[in-house]
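Me: Could you take a close look at the sheet in this model and walk me through what packs around it?

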Amino acid sequence: MRSTSILAKKAERSMKSLALNVHFKHPDLGMKEYEILSRATAFLLSVDPPLSRDDSSSSSSSSKYSHIAKSQEERDRILLKQDYAYDPAGGPQRKVEELGWLEFCPGKFRPLAHVVAASHVLSPWMWKNYYPQPWLEQLTQEHVRYSVDVFDPDPSTSTTKGVDPLATFGVNPYPIHHPNNLDLALVHLKSEEGALEHMQSLGVEMLHLTDTERMFDRGDEVLFDGFEIAEDHYEAMENMNDQIEKDKQQQKATKGDGDDTRVFMAYNITGELIFASPERFLASTETPLPEGVCGGPVLDDDRRVCGIVEGIVPKDHEDERLAGAASFIPYFQLKQFINYAEESMLEKVVPKKIFDKIADLKRGKGLNHGSNVNISGNGDAFNSNSGSDARKSGAVDLDAAYMEMVGSMRQAHTSEQVDAIIGTVEREQQEVVEILERDGGDLDEIIAQVRMRTREKQREILEELQEEAGLQEAEIISEDAMDADAKSSPSISSDSDDKNPKN
């Protein structure tokens, strides 16, 4: 009976975080074996978007005929493989510009998941404001390797002894870091397909980002998930520095992995949002986040990733309301970074001509944008005296101009801003058509009336925002405001080092 209950608990087990290990070996430091450099939290973020709620609910629903549906899905998958050399991307149907960069990549070369982590953990030598130890300056990427552990969140049901992981997986040592020095980075699993299958059998979840359209309010609850490190990480760095200097003097190798005493313990805690800016959100928690949670996922009430843990506000901050608050990089910054990383990866995989065409599609340009389209069939593009061909030419020209305009907007604005503008235009167009069909009248006058109503609605929204300006100024500040009043704004410290504020 006990073995049956343990299996049942394992089936229900759900792990959202991975324990990240960074190993290093540098011969010039007298090292003969790999040693633990840093430990923290990471998580799996799916490359493909989630299925729509209707699709996911129907596929996961159980009935006496569910086995037939699963059998049909498997047959469809086999037939699909016969028609395509590589697996196509997954997720619901969307407009081509809404597809992720790696959804254009052949399945043979496309990862299924990103391992998301904190940049300062994967490459601590890049973060001198966190780790000023001189010996770290000698390290480069070639001196490190990575692995992730899966731990049972309920040790009472674990089949391993003590603090041993259920499984350990290798990670490729090629991190992609945020281009503007946000504390974000990602890596990828070795032998990914087999590793993910094994992780799934252990109960590890592949997470998805919060919808970019979602808005958060002060007081909203979020969940911080990750691992607590039993020994202070900064102190471990200092001890390692002393040991390296001692070993240099004694001309002998440093200690191996077995001497590292930092251990992982599963950890999660809820918090309430109290502050927001374009680069970070702050949340109050019952107790400050412990050592090791950096890089862990922050989950919303739908258990989607709404951020990644950056650190905590120093506990001695002059504003008691912010002191010790959890800091995390919000989902829209993470989304932009994922787009940057996936674009860089795709550019290395596909030929330049194909990549340029994909980039045009992502910007809203058609496949034939910029090329001569022969409509009349007589050798001259758009060369026809007929009224129908002239109308076709005009329609193509208008479509091309519209797509060019949208493409220019996407270069100057975020995708969310462009979508909002296009949505307003489409709503106004529909309203104009409805008025013409219902009441008739002069087209220009109707357009002016619809536009005036839009402006009035915008003014109402702005007035409402101004009435709440006191609350907004306390919660959301611009970078200029932060620079003008740096002393009153919270500096953020990595949970690896409360003594080193983030600039």
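Reply: Val115 has Val187 in β7 as its bridge partner. β3 and β7 run antiparallel and are joined by three bridges; strands count as paired if DSSP finds at least two bridges between them. Strands (E, at least two residues) and helices (H or I, at least four) are DSSP runs numbered from the N terminus.

Residues are numbered from 1 along each chain as its sequence is written, and side-chain values use heavy atoms, with hydrogens and water left out.

Zooming out, the sheet is open, with seven antiparallel-paired strands in the order β5-β4-β1-β2-β3-β7-β6. β5 and β6 (176-177) sit at the edges, each pairing on one side only. α5 packs on the sheet, touching β1, β2, β3, β4 and β5, where contact means heavy atoms within 4.5 Å. The direction of α5 makes about 150° with that of β5 (axes are lines fitted to C-alpha atoms, for helices over the stretch in contact, and angles run from 0 to 180 degrees between N-to-C directions).

Now Leu44: not counting residues up to four places away in sequence, its contacts include Ala113, Val115, Leu189, Leu196 and Met199.

As for confidence, the protein chain averages a pLDDT of 75, and 65% of the residues score at least 70. Residues 1-12 fall below 50. Where pLDDT is low, the predicted coordinates should not be read in detail.

Key
This is a predicted model: local features need pLDDT of at least 70, side-chain atom pairs count only at pLDDT 80 or more; totals for chains, interfaces and linings use all residues. pLDDT is the predictor's confidence in each residue, from 0 to 100.
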